[in-house]
Amino acid sequence: MTDKPIITLENVKKVYDDETVLHDINFELEKGKFYTLLGPSGCGKTTILRLIAGFADATEGVIKINGETVNDIPANRRKVNTVFQDYALFPWQTVLGNITFGLLHNGWEKPQAEQKAHELIDLVNLQGFENAYPHTLSGGMKQRVAIARALAYNPEVLLMDEPFGALDIKTRIQMQDLLLELWNKFSSTILFVTHDIREAVYLGDDIYFMKYAPSRIVEHIKVDLPFHRNQDTRRLSRYNELIYEVEDAMFKIAAL
């Protein structure tokens, strides 16, 4: 365990228009681990990501990154990046342009930015599509571009908001495996939002559970699967046991 968590939320509350969206959120994320945040749609999972990223402000409570309170620090000064379900690519930019866009606007010289982008394009297996525009790409390819763009900044924390939710099952499994490969290479801390139990178990070191009324974290399960996961992991009896354990936990939470 590290000396201090990379992300800390202390008594965090979020209110929109007199409605409490999040209530008394407390958790810590250790550096380099993969966390999944599981819960039904609309329970506040995305709001937690927005607060950590700096896209929204907490009504109450403290958010820390590497021990530093960041409540008043803008999003562009936090070493955090976010991948969304809808890709959020610039339609007027090519694959290469999407990945280099932020680097160029943050002072990188064009040759260095393009070299970094080409390295990432190779890592996400998009060789030959450097000059393609988003509308010509499949959903899985678009998400590869979004992930490469996020990793270009070497973020300490990667926030992922149901990034594979719109993909077909085959592509989704392929993207899960690619993400684990990239995580092992870059060692970023990942907080991955999903409502898919199998995905949460396959990817996460730890699973946090959320529920409604008011939205809060009510359960935490550690995933005791092998560190390097692959297709064989899905055939393990322990993998399926964990799925049943998580399902049972979800039913109990829903009854609270």
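Tutor: A salt bridge is a side-chain nitrogen of Lys or Arg within 4 Å of a carboxyl oxygen of Asp or Glu. This is a predicted model, in which local features need pLDDT of at least 70 and side-chain atom pairs count only at pLDDT 80 or more, while totals for chains, interfaces and linings use all residues. Residues are numbered from 1 along each chain as its sequence is written, and side-chain values use heavy atoms, with hydrogens and water left out.

Student: How many salt bridges does the structure hold?

Tutor: One of them joins the side chains of lysine 33 and aspartate 206, at 3.0 Å from N to O. In total, the number of salt bridges in the structure is 10.

Student: Is aspartate 206 buried or exposed?

Tutor: Buried means under 20% relative accessible area, exposed over 50%, and partly exposed in between (1.4 Å probe, protein chains only). Lysine 222, at 51% relative accessibility, counts as exposed. Aspartate 206 has a relative accessible area of 2%, so aspartate 206 is buried.

Student: Why is helix H1 largely enclosed by the rest of the structure?

Tutor: Helix H1 covers residues 45-53. Its buried residues include Lys45, Ile48 and Leu51.

Student: By what distance are glutamate 241 and arginine 238 separated in helix H7, in terms of helical turns?

Tutor: The side chains of glutamate 241 and arginine 238 meet in a salt bridge (3.3 Å, N to O). An α-helix has 3.6 residues a turn, so residues three or four places apart point the same way. Glutamate 241 and arginine 238 are three residues apart in helix H7 (residues 237-255), so their separation is about one helical turn.

Student: Which residues of the largest nonpolar core touch the most other members?

Tutor: A nonpolar core is a set of buried Ala, Val, Leu, Ile, Met, Phe, Trp, Tyr and Cys residues joined through side-chain atoms within 4.5 Å. The largest has 53 residues, and those touching the most other members are Ile99 and Val201.

Technical notes:
Helix = DSSP H or I, 4+ residues; strand = E, 2+ residues; numbered from the N terminus.
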